[in-house]
Amino acid sequence: VGFQIKVGEIAFHSNDLETCRALYDRALKRSQAAIQKNPNNAAAQRAMALSCGALGDFHLQLAEPTVALPYYNQSRELMVKLAAGDPDNAATRRGLSFSHYRVATAFLLAGDPVEAQKDYQTCLELRNDIAALDPRNAHKQIDLMIALARCGEHAEAAQVASKLGSRAS
């Protein structure tokens, strides 16, 4: 599934939307089949969340946020379930924060800033926790900075950016 999504991303960036969509659909079908076999399998749930996220991204990049939302919502629901089953898994918690960010962005682009803010806020809470556990990790700090900015906490976002900039010098 991950390979099909990566190749689909390449197709998208090559402007081959038909191939991209076919690969994403194939990844989704494989994920659905794996979940049908074993609904509680974490790897199958992760693959399904990844597939739904990719399809959401596809539609969001085509300026179709209302089409993206159901895919993003399904991805977020799966990530919530995965995070509840393994709350100490940093990768799952980071994936959950991204799923909230994606849903929020789709709501924002669909013209619903109130709903968007709810998911951006949840994303920020998750990213605060993740960044606090690993303050030297630049990727986690960048994720936090973006969430801070999306939540209107520009001064805090600027502080994170400044710290990252001073480390890079």
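The C-alpha trace spans about 45 × 35 × 35 Å along its principal axes.

This is a predicted model, in which local features need pLDDT of at least 70 and side-chain atom pairs count only at pLDDT 80 or more, while totals for chains, interfaces and linings use all residues. Residues are numbered from 1 along each chain as its sequence is written, and side-chain values use heavy atoms, with hydrogens and water left out.

Colour by secondary structure next. The protein chain holds eight helices and zero strands, assigned as DSSP runs (helices H or I, at least four residues; strands E, at least two) and numbered from the N terminus.

Now select residues 65–85, helix α4. Its 21 residues reach 29 Å from first C-alpha to last, close to the 30 Å expected at 1.5 Å a residue (1.5 Å times one less than the number of residues). Show the side chains of its buried residues (under 20% relative accessible area, 1.4 Å probe, protein chains only), among them L69, Y72, R76 and M79. The buried residues of α4 pack against α2 (17–37), α3 (42–61), α5 (90–109) and α6 (113–133).

Finally, select N89 in the loop between α4 and α5. N89 is partly exposed, at 22% relative accessible area (the class between 20% and 50%). A polar atom of the N89 side chain lies 3.0 Å from the backbone nitrogen of T92.

Definitions and conventions:
Contact means heavy atoms within 4.5 Å. A polar contact is a pair of N or O atoms within 3.5 Å; within protein, one must be able to donate a hydrogen and the other to accept it, and residues adjacent in sequence count only if both atoms are side-chain atoms.
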